[in-house]
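User: I am new to this structure and would like a guided look at it. Please take my questions one at a time.

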Amino acid sequence: MRVLKSITLVELVVSILLVGFVLLGVGSVSVFLARQVANSIERYNIYSQLTYAIDDVRARCISAIDIKSGFDFTGEIKSDLEFNSEEDIYIITPDDDSDNTWYRYYINNSGSLVLEDKSTGEIDILVEERFSPEIEFEYTSGEAPNFITMGITAKSSKNESIVVSRKEGIRFWFIEVVQ
């Protein structure tokens, strides 16, 4: 006699439930990892733009020869910075003003952190508006008169819990920013 072996209904239901739990687990892990990767990419984009902005300010301020509306001795915080500096930041000629231009860093009406070249009217976006950048230029009482601190904060547009802040010192070599 032949004995037929087959799957019972109970075994079939149990196996379907086990496969369902495995797929649910794999799906949950996949969603979690996708969110982590998206958050990491967003944080990296913010950090890259903040670093670019700080490097740009630092490179242009080194050769500044004049500052509009300087800081006072008591310590002051400003949301924009305007100064006269070299047009070509790699060729510094402090005795020759003919190759200089006025620059201004500020948050424009659309909410981007921008660098404006006052002589040409050209505007370079340093930190995009989607990151809601905030900028502060601060002279701290007691510091050297040619040194300010620059702080930039930006928030993710996708995840409000992602906030990146950078604070760096900026030194001016040819002028004193305290007036």
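User: Is Lys-78 buried or exposed?
Analyst: This is a predicted model, where local features need pLDDT of at least 70, side-chain atom pairs count only at pLDDT 80 or more, and totals for chains, interfaces and linings use all residues. Residues are numbered from 1 along each chain as its sequence is written, and side-chain values use heavy atoms, with hydrogens and water left out. Buried means under 20% relative accessible area, exposed over 50%, partly exposed in between (1.4 Å probe, protein chains only). Lys-78 has 14% relative accessibility, so Lys-78 counts as buried.

User: Which residues does Lys-78 touch, not counting those up to four places away in sequence?
Analyst: Lys-78 sits in strand β2, residues 76–78. Helices (H or I, at least four residues) and strands (E, at least two) are DSSP runs, numbered from the N terminus. Contact means heavy atoms within 4.5 Å. By that rule Lys-78 touches Ser-69, Gly-70, Phe-71, Ile-135, Glu-136 and Phe-137.

User: What separates the C-alpha atoms of Lys-78 and Glu-138?
Analyst: Along the chain, Lys-78 and Glu-138 are 60 residues apart. Their C-alpha atoms are separated by 6.3 Å.

User: Which strands stand at the edges of the sheet?
Analyst: Two strands pair if DSSP finds at least two bridges between them. Here 4 strands form an open sheet in the order β2-β7-β8-β9, with antiparallel pairing. An edge strand has a single partner, so one side is left without a neighbour in the sheet. The edge strands are β2 and β9 (163–171).

User: Which residue in β8 is the bridge partner of Ile-135?
Analyst: Strand β7 (residues 134–139) pairs with strand β8 (residues 147–155) in the antiparallel sense, over 5 bridges. In β8, Ile-135 has as its bridge partner Ile-152.

User: Which strands does α1 touch as it packs on the sheet?
Analyst: Axes are lines fitted to C-alpha atoms, for helices over the stretch in contact, and angles run from 0 to 180 degrees between N-to-C directions. The direction of α1 makes about 10 degrees with that of β9. In packing on the sheet, α1 touches β7, β8 and β9.

User: How many salt bridges does the count come to?
Analyst: A salt bridge is a side-chain nitrogen of Lys or Arg within 4 Å of a carboxyl oxygen of Asp or Glu. Glu-42, Glu-128, Arg-130 and Lys-158 are linked in a network of such bridges. By this rule the count comes to 11.

User: How far apart are the closest N and O atoms of Arg-60 and Asp-56?
Analyst: Both residues lie in helix α1, 4 residues apart, about one turn of the helix. Arg-60 is buried at 13% relative accessible area, and Asp-56 is buried at 9%. In their salt bridge the closest N and O atoms are apart by 3.0 Å.

User: Which residue meets Lys-167 in a salt bridge?
Analyst: Lys-167 counts as exposed, at 53% relative accessibility. The N to O distance in its salt bridge with Glu-138 is 3.8 Å. Lys-167 lies in strand β9 and its partner in strand β7, so the pair ties together parts 29 residues apart in sequence. The partner is Glu-138.

User: Is Glu-134 buried or partly exposed?
Analyst: The side chains of Glu-134 and Lys-155 meet in a salt bridge, 3.4 Å from N to O. This pair links strand β7 to strand β8, 21 residues apart. Glu-134 has 43% relative accessibility, so Glu-134 counts as partly exposed.
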